[in-house]
Amino acid sequence: MLPSATGDGEFHGPSINEFFPEAVLFAGSPFEINRIMLIRFLAVAVLLLVFWLGTRRMKVIPTRFQSIVELGLNFARVNIAEDILGKKDGKRFLPLITTIFFMVLFMNITGPLPFLNIAGTSVIGVPLVLAVIAYVAFIYAGVKKNPGNFFRNALFPPGVPPFLYIIVTPIEFISTFLVRPVTLTLRLLMNMIVGHLLLVLFFSATQFFFFTADGGFKLFGAGTLVFGFAFTLFEVLIALLQAYIFALLTAVYIQLALAEEH
Amino acid sequence: MFNAVIAAAAETETRNPLLPELYDIIWSGLIFVVILFFFWKLVLPRMQKLLDERAEAIEGNIAKADDAQRKAEAALEQYTAQLADARAEAGKIREVARADGQKIVAEHREQAVAEAARVTASAKVQIEAERQAAVVSLRSEVGTLAIDLASGVIGESLTDDAKASAIVDRFLADLEASEKAAK
């Protein structure tokens, strides 16, 4: 079962290089556009269109489409921002949290969508940029709330015996200032990469079993097809879940920074 | 199945998915900025406006209902007050009528009493007058009778009127005096 690039009846396994497709425009420049970038643009265009249309003529008694848009916006507002940060701070950080939630959601959902088949978030750019923004946001929130004391409180938690700072401070530093952005990035990126690889694996295996393999092996194709279908549905769930987790953790980090002891 | 992935990765020149390309970062950042401003400046203010309008509408309806309730209560109060007024008025009218009735009855009674008194008084006067007349006529008749009687007894005519009347008068006076003594 050696994968190969040629269509000569060998099995085609998925490759990590699928996340670095050939450039379509501006190859080699900092503005290079490839298939994944185009998928991102499409996701963003759909996002802008949906929310522009959905909020264009909002009525007190909503239409069906407005209800759906409201449902989405209220989810980010009530269930993430206000639940974690409270009414006042929730309102302050609502644009950021809403943006993160819907940007991740719309780019995730292109993964299980037919013909697009790859998530806009499955290349490190989006997860990394958003993680850095979340990182900057919670440090900003902490410093703004508690100028001068934020880093001291974060690294030297009050109420800990001084000699324990030898252990506590490095742990706090790593967990707060290193692990948070790294896990934010990797959780989303790896979910999307693995999701894509799994789907490719199932469907290319189905293709191989149905059309290339001999006799009895064709039966395996039915199994891999069923798995592929199930994992497609699962990927839709993952897309929602990861968007929720990313936005939620951003809110939680901001909340922790705001709630830091004086 | 991961063997296949690894095999695939090992086969060709592999890219590390953790190392970001510059274009990737640039487009991601650009997209973020666009979406952030879109939500910040357009969608969320619209949504906020809607939420405010909705809250206002709900509050407006509540205020309207409150107003209606207040009006109904005021009307009820007014009605009750009017009813009480009307009752008081009716009571007053009844009271006045009763008093008037009593007055009329009393007046009539007075009038009847006065009338009766008047009738009694006039009857008394008439009786007195008739008695007087009777006394006068009786006196003259009794006088004549007595003189005739006395003439018969004495056997002589009491022709001398002056003497006769003096005798009668003395007789009558005696009679009256005896009557008084008997009383």
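These are my notebook entries on the contact between chains A and B and on two helix pairs in chain A.

**Entry 1: the model.** I am working from a predicted model.

**Entry 2: the contact between the chains.** I looked up how many residues each chain gives to the contact. Chain A puts in 39 residues and chain B puts in 37 residues. I then asked which helices of chain A supply at least two residues each to the side that touches chain B. They are H1 (35–54), H3 (94–108), H4 (125–145) and H6 (165–211). H3(A) gives the largest share of that side, with 7 residues. Sorted by class, the side of chain A that touches chain B holds 30 nonpolar, 7 polar and 2 charged residues.

**Entry 3: helix H4(A) by itself.** I checked the span of H4(A). From first C-alpha to last, the 21 residues of H4(A) reach 30 Å, close to the 30 Å expected at 1.5 Å a residue. Next I looked for buried positions. Buried residues in H4(A) include Gly125(A), Val126(A), Pro127(A), Leu128(A), Val129(A) and Leu130(A). Further along H4(A), I noted Phe138(A), Ala141(A) and Gly142(A) among the buried ones.

**Entry 4: H4(A) against H6(A).** I looked up the packing of H4(A) on H6(A). The angle is about 150° and the axes are 9 Å apart. Angles over 145 degrees count as roughly antiparallel, so I put H4(A) and H6(A) down as roughly antiparallel to each other. The crossing of H4(A) past H6(A) is right-handed. Which residues of H4(A) meet H6(A)? I listed Pro127(A), Leu128(A), Ala131(A), Val132(A), Ala134(A) and Tyr135(A). On the H6(A) side they meet Arg180(A), Pro181(A), Leu184(A), Thr185(A), Leu188(A) and Leu189(A). By class, this contact has 10 nonpolar, 1 polar and 1 charged residues.

**Entry 5: H1(A) against H3(A).** H1(A) passes H3(A) in a right-handed crossing. From H1(A), the residues in the contact are Arg40(A), Ala43(A), Val46(A) and Leu47(A). H3(A) brings Phe102(A), Phe106(A) and Met107(A) to meet them. By class, I recorded 6 nonpolar, no polar and 1 charged residues for H1(A) with H3(A).

Key
Residues are numbered from 1 along each chain as its sequence is written. Chains are lettered from A and ligands numbered from 1 in the order in which they are written. This is a predicted model: local features need pLDDT of at least 70, side-chain atom pairs count only at pLDDT 80 or more; totals for chains, interfaces and linings use all residues. Two residues are in contact if their C-beta atoms, placed from the backbone, lie within 7 Å. Helices (H or I, at least four residues) and strands (E, at least two) are DSSP runs, numbered from the N terminus. Ala, Val, Leu, Ile, Met, Phe, Trp, Tyr, Cys and Pro count as nonpolar, Asp, Glu, Lys and Arg as charged, and the others, Gly among them, as polar. The expected span of a helix is 1.5 Å times one less than its number of residues. A residue is buried if 20 or more other C-beta atoms lie within 10 Å of its own, exposed if 12 or fewer, and partly exposed in between; C-beta atoms are placed from the backbone. Axes are lines fitted to C-alpha atoms, for helices over the stretch in contact, and angles run from 0 to 180 degrees between N-to-C directions. Angles under 35 degrees count as roughly parallel, over 145 as roughly antiparallel, 65 to 115 as roughly perpendicular and the rest as oblique. A crossing is left-handed if the near helix is turned anticlockwise from the far one by less than a right angle, and right-handed if clockwise.
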